[in-house]
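Me: I am new to reading protein models. Please take me through one, step by step.

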Amino acid sequence: FLMVGMATAFSVPVGLLAAIYLTEYRSGLLGKTVRFVAEMLGSVPSIVIGIFGYYVVVKPVTQHFSGLAGGFALGVMMIPIVVRASEEALKLVPKTLRNASSALGASQWQTIVRVTVPAALPAIITAIFLAIARVAGETAPLLLTASSNTFWPRSLNDFTPSLPVYIFNYAVSPYEDWHRQAWAAAFVLLVVIMVLNFGIRLLAGKRVLQASQAD
């Protein structure tokens, strides 16, 4: 939860701002570059993102495995999902709402902050939780950034345990008892992801944009 929370706090602002830029501004070469980078990140294997996190955070900053590095790696994985899904959500907001806001004297940025984003908020929230569900079970990036720990970490800069790494370590062990614990941990992880998905469906309803309902 600590690492996924850090990943969400890091990726959501970056992903949402990128989606807003692609939807509302689309300035030639820079817009194409942002979209290309987002699509490329979405296709990069998770183990490569783990190596990237190791050389960006672990080696030069923390000097050892840590929850901070793990959160960073998971955040990098979440960014393309948030960007693509948020962009599609913003595109669904009717142009009539933007035009009405402009007609009332609002600037483009005021229209984005007070009209467009609030109208697309249910779908954006859904996109965020889909990204969380996507990275919550990732093992490879955490093996190279957060590693593991048999004790509760003393700080975010300490070796940090996680369910995916716990499942991996116990599943490859030669002990039958450890295998049973790996199955139990896998069940817990599945339950957590299912609760997240059902919870967001309840919060976002049928994921219909408020703007579309108003239109």
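Predicted model: local features only at pLDDT ≥ 70, side-chain atom pairs only at ≥ 80, totals over all residues.

Me: How many salt bridges does the count come to?
Reply: Start with the rule. A salt bridge is a side-chain nitrogen of Lys or Arg within 4 Å of a carboxyl oxygen of Asp or Glu. By this rule the count is 7.

Me: Which residue forms a salt bridge with Arg-98?
Reply: Look for the closest N and O atoms, which are 2.9 Å apart. Arg-98 is buried (under 20% relative accessible area, with exposed over 50%, partly exposed in between, 1.4 Å probe, protein chains only). Its relative accessible area is 15%. The partner is Glu-24.

Me: How many residues apart in sequence are the parts that this pair ties together?
Reply: Helices are DSSP runs (H or I, at least four residues), numbered from the N terminus. Arg-98 lies in helix α5 (residues 95-103) and Glu-24 in helix α1 (residues 2-24). So the pair ties together parts whose separation in sequence is 74 residues.

Me: Is Glu-87 buried or exposed?
Reply: The side chain of Glu-87 meets that of Arg-84 in a salt bridge (3.0 Å, N to O). Both residues lie in helix α4 (residues 67-91), 3 residues apart, about one turn of the helix. Arg-84 is partly exposed at 31% relative accessibility. Glu-87 has a relative accessible area of 0%, so Glu-87 is buried.

Me: Which residues are linked with Arg-84 and Glu-87 in a network of salt bridges?
Reply: The pair belongs to a network of salt bridges.

Me: At roughly what angle do the axes of α1 and α2 cross?
Reply: Axes are lines fitted to C-alpha atoms, for helices over the stretch in contact, and angles run from 0 to 180 degrees between N-to-C directions. Helix α2 spans residues 28-43, and the two axes come within 10 Å. They cross at roughly 135°.

Me: Which residues of α2 make the contact with α1?
Reply: Contact means heavy atoms within 4.5 Å. From α1 come Ala-18, Tyr-21 and Leu-22. From α2 come Leu-30, Gly-31, Val-34 and Arg-35.

Methods. Residues numbered from 1 in each chain as written. Heavy atoms only, no water. Helix = DSSP H or I, 4+ residues; strand = E, 2+ residues; numbered from the N terminus.
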